[in-house]
Amino acid sequence: MLRGALLFLSRQKHLRRWMETSPAAELLTRRFVAGKTLARALAVCRRLNAEGLLVSLDHLGENVTSVEEARLSRDAYIQALRAIAAEGLQATVSIKLTQFGLDLSEELCRENVEGLVAAASGLGGFVEVDMESSEYVDRTLCLVSDMHERHGAVRAVIQAYLYRSAGDIDMLCQKGIPVRLCKGAYREPHSIAFRSKRDVDANYVHLVQTLLKRGVYPGIATHDPKMVDAARRSAAALGLAPDRFEFQMLYGIRRDLQRKLIAGGYRVRLYVPYGDAWYPYLMRRLAERPANVLFIARNLLRR
Ligand code: FDA
C-alpha cells in the first residue's frame, strides 16, 4: 500500500514542482542530495574529501526519452569529470545506462558511455556503472566488459539478491574488472532473486569473501553493520591491507558508521547525488523499497 502511495506521489507534477523549488523540501533532502548544480556537488565533494571520505558523484536525471537528453546526460558527466580532475578531487562518477539512452537504442547508449569512459581514462578519472533492474543486467555487464577492455576506468555493480551474481563475479574477477557489491534495490521475482533478508545477507557475505580474495579493489556498498563486520573479518583473515578495498555508502546515511570506519583506517566512498531531478529519484527509491521511508525518518533523527 505504501509502495502504491509513493508511486502515486512520484507522478504528481504539482507536488514535484513544489518539492523541487521549496526551501522547506530542500531542508528535508539536503542531507541526502548535494544540491541542484555541479557547483554545489563539488562543494560537498571538497568538504567530504577534507574529512577523509572519497566520493562518487551521481547526476540525477529523468529516464531519458530522446537522443538529445541522453547526450546532455553524458555531457553533464564529462563536465563533472573535468571539474574533478581540474581540482584534483578524490571522486569518481556513477552513471545509469538508462540515463545514457539504453531504452532508446543500445548503439546510442554505447556511443555515449564510450565518450564518457574515454574522457575519464584521459583525465585519470573513473566511471562506476550502476546496476538497474534485472532486464538490464546482461546488457550492462556486456557494455562494462567492453569498456574495460578498450579503456579501463570502469567499475561494474553486482547485486547480491540475484542468484546469478556468483557467476557474474567469477567472470568479472577473471577479467580483472573492479566490482561494487550491493544487496540490490529493485523488486525482482522469486524465480531469479532471493527475497528474504536472511538469504540476501548470506549471499552478500559469501560474495564479499570472493571479491576480497579474487577481486580488483572491491567496493563494499552497504550500510548494514553486519555486512561491514563480515567484510572486515574476511579482509583481516586474508591479511588484506585496508587500502585494497573500500566501503561505499549513500551521502547522509549512517554518518556515524562512515566516520567510525575512517577513524579505523578504512577507505569509505560516498555516493553523492545532485541535479534538478531529485524528486522522482527520491520517490522511486522509496517506492522500490518502502522500508527506506523509515530509513529517511530515522536519518532525520540520527547524526
Ligand atoms: P539493508 O537495507 O539490508 O539494511 C540492513 C541494516 O543496515 C539496517 O538494519 C540498518 O542498520 C542499516 N541501514 C541500511 N540502510 C540504512 C539507512 N538508510 N539508514 C540507516 N541505517 C541503514 N542498488 C542497486 O540495485 N544498484 C546499484 O547500482 C546500487 N548502488 C548503490 C551504491 C551505494 C554506494 C549504496 C550504499 C547502495 C547502492 N544500491 C544499489 C542500493 C542497495 O542495493 C541497497 O538497496 C541499499 O544499500 C540498502 O541495503 P543495505 O545493505 O544498505 O542495508
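Leu181 touches Ile158, Ala160, Ile169, Tyr204, Leu207, Val208, Leu211, Gly219, Ile220 and Ala221, leaving out residues up to four places away in sequence. Contact here means heavy atoms within 4.5 Å. This is a predicted model: local features need pLDDT of at least 70, side-chain atom pairs count only at pLDDT 80 or more, and totals for chains, interfaces and linings use all residues. Residues are numbered from 1 along each chain as its sequence is written, and side-chain values use heavy atoms, without hydrogens and water.

The largest nonpolar core has 77 residues. Leu57, Ile95, Val113, Val127, Leu181, Phe247 and Val272 touch the most other members. A second, separate core has ten residues, including Leu6, Ile253, Leu282 and Met283. A nonpolar core is a set of buried Ala, Val, Leu, Ile, Met, Phe, Trp, Tyr and Cys residues joined through side-chain atoms within 4.5 Å. Buried means under 20% relative accessible area, exposed over 50%, and partly exposed in between (1.4 Å probe, protein chains only).

## The barrel

Eight strands form a closed barrel in the order E1-E2-E3-E4-E5-E6-E7-E8, with parallel pairing. Neighbouring strands of this sheet are turned by 25 degrees against each other on average, direction ignored. Helices (H or I, at least four residues) and strands (E, at least two) are DSSP runs, numbered from the N terminus. Two strands pair if DSSP finds at least two bridges between them.

Strand E6 (residues 219-221) pairs with E7 over three parallel bridges. There, Gly219 has Glu246 in E7 as its bridge partner. Helix H4 (residues 38-50) packs on the sheet and touches E1, strand E2 (91-95) and E8. The direction of H4 makes about 165 degrees with that of E1. Helix H6 (residues 106-123) lies across E2, strand E3 (127-129) and strand E4 (154-159), at about 145 degrees to E3.

## Strand E8

Strand E8 (residues 268-274) is mostly covered, with seven of its seven residues buried. Val268, Leu270, Val272 and Tyr274 lie on one side. Arg269, Tyr271 and Pro273 lie on the other.

E8 has parallel pairing with strand E1 (residues 54-59) over six bridges. Ser56 stands opposite Tyr271 in E8. Strand E7 (residues 246-250) also pairs with E8 in the parallel sense, over four bridges. Gln248 has Arg269 in E8 as its bridge partner.

## Helices H8 and H9

Helix H8 (residues 165-175) packs against helix H9 (residues 197-214) at an angle of about 10 degrees, with the axes 11 Å apart. H8 is therefore roughly parallel to H9 (angles under 35 degrees count as roughly parallel, over 145 as roughly antiparallel, 65 to 115 as roughly perpendicular and the rest as oblique). Axes are lines fitted to C-alpha atoms, for helices over the stretch in contact, and angles run from 0 to 180 degrees between N-to-C directions. Ser165, Ala166, Ile169, Asp170, Cys173 and Gln174 in H8 meet Leu207, Thr210, Leu211 and Arg214 in H9.

Leu212 is also in H9. Leu212 counts as buried because its relative accessibility is 4%. Beyond neighbours within four places in sequence, Leu212 contacts Pro218, Ile220, Ala231, Ser234, Ala235, Leu238, Leu240 and Phe245.

## Two positive phi values

Most residues other than glycine have a negative phi. Ala153, in the loop between helix H7 (137-151) and E4, has a positive phi near 60 degrees. Arg254, in the loop between E7 and helix H11 (255-263), has a positive phi of about 50 degrees.
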